[in-house]
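Biologist: I have not looked at this one before. Can you walk me through it?

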Amino acid sequence: AQAALNTLDGKAPLVIAHRGASGYLPEHTLGGYELAVKMGADYIEPDLQLTKDGQLVAMHDTSLLRTTNVADLYAKRNGGYNVSEFTLAEIKTLTVKPTGGLAATSYQGFTPSSADPYRVPTFQEVIDLAKSQSALTGRQIGLYPEAKQADPLMEDLILSTLVANGYKGSDKVFIQSFSADTVKSIHAKQQALGVDFQLVVLGSANAINNLGLANIAQYADGVGVSITSSGMGQSFIEAAHANQLKVHGYTFSKFDDTAKDQYLQWYGYGIDGVFSNYTDKALAARTEF
Ligand code: G3P
Ligand code: CA
């Protein structure tokens, strides 16, 4: 790296594999996460939903419909296909399908180590992958779980699962939510547990400014901000840094020739991390920066 690093800690911006290597392989799958690690991601990002029997699974939507073949196998429950209406055992019978313009469940030169890489993984299975890949690569693969529901049970399970797996605040872990109240609640709960994972409040620049950067800094370590939101840019990042808050931008999803310029622009602004669907492109630009 040759350009000045204007990140809060002066280190290179983090490359967070948004939903896995989701530009290449089905999102929120062990195959997709492993490819992101192979590409060099610093963190893998599982969004989390709760099953009917209270298990955390990696999935963006509240519904199973968009990303799985649930409609082929099951009737609707209470009029829909929500994760919360299906047990983990049922969800484990589903296959995650390519979405968002993806054509296939393969990537040239990559063989997933899991025999069944395109099922809906539990949070524990994502952690197991991060741990095994950390051992294999000799670098800690970070975890960036998102509480998709403002649900005390979800807060408790995220924390207890991390603690049961031996994670501490000094490890590469960020917990994120669009709900500031959820982040506040996790902050209080983890203090009681004696752990201090880094916490991130998500939102548009306006939503974050309405909450107040100084206020957020009382209970969080950073903000995750939409890079297309009005008011997000270098000044916003500098204001957040003045409040000791890191800024991670979502979502870097360009694949065309302008992708590199987009990364370089935001790295130049001093962004502390990027949620990217294309880990390899984010890293290539970081190397060039
Ligand atoms: O968590 C950051 C980013 O992933 C937020 O957007 O909808 O992809 O979870 P979403
Ligand atoms: Ca997310």
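**Helix packing and ligand shell**

Modeller: The crossing of α5 and α6 is right-handed (the near helix is turned clockwise from the far one by less than a right angle). Helices here are DSSP runs of H or I with at least four residues, strands are runs of E with at least two, and both are numbered from the N terminus. This is a predicted model, where local features need pLDDT of at least 70, side-chain atom pairs count only at pLDDT 80 or more, and totals for chains, interfaces and linings use all residues. Residues are numbered from 1 along each chain as its sequence is written, and chains are lettered from A and ligands numbered from 1 in the order in which they are written.

Biologist: Which residues of α5 and α6 make the contact?

Modeller: From α5, Pro152, Glu155, Leu159 and Val163; from α6, Thr182, Ser185, Ile186, Lys189, Gln190 and Leu193. Contact means C-beta atoms, placed from the backbone, within 7 Å.

Biologist: Switching topic, what surrounds ligand 1?

Modeller: His18, Asp47, His60, Glu146, Gln176, Leu202, Gly224, Tyr250, Thr251 and Phe275, each with its C-beta atom, placed from the backbone, within 6 Å of the ligand.

Biologist: Which residues does a cis peptide bond join?

Modeller: Tyr250 and Thr251, with omega about -10 degrees. Thr251 sits in strand β10, residues 246-252. Most peptide bonds are trans.

Biologist: And which residue has a positive phi although it is not a glycine?

Modeller: His28, at about 55 degrees. His28 lies in the loop between β1 (14-18) and α1 (30-39).

Note on methods: Two residues are in contact if their C-beta atoms, placed from the backbone, lie within 7 Å.
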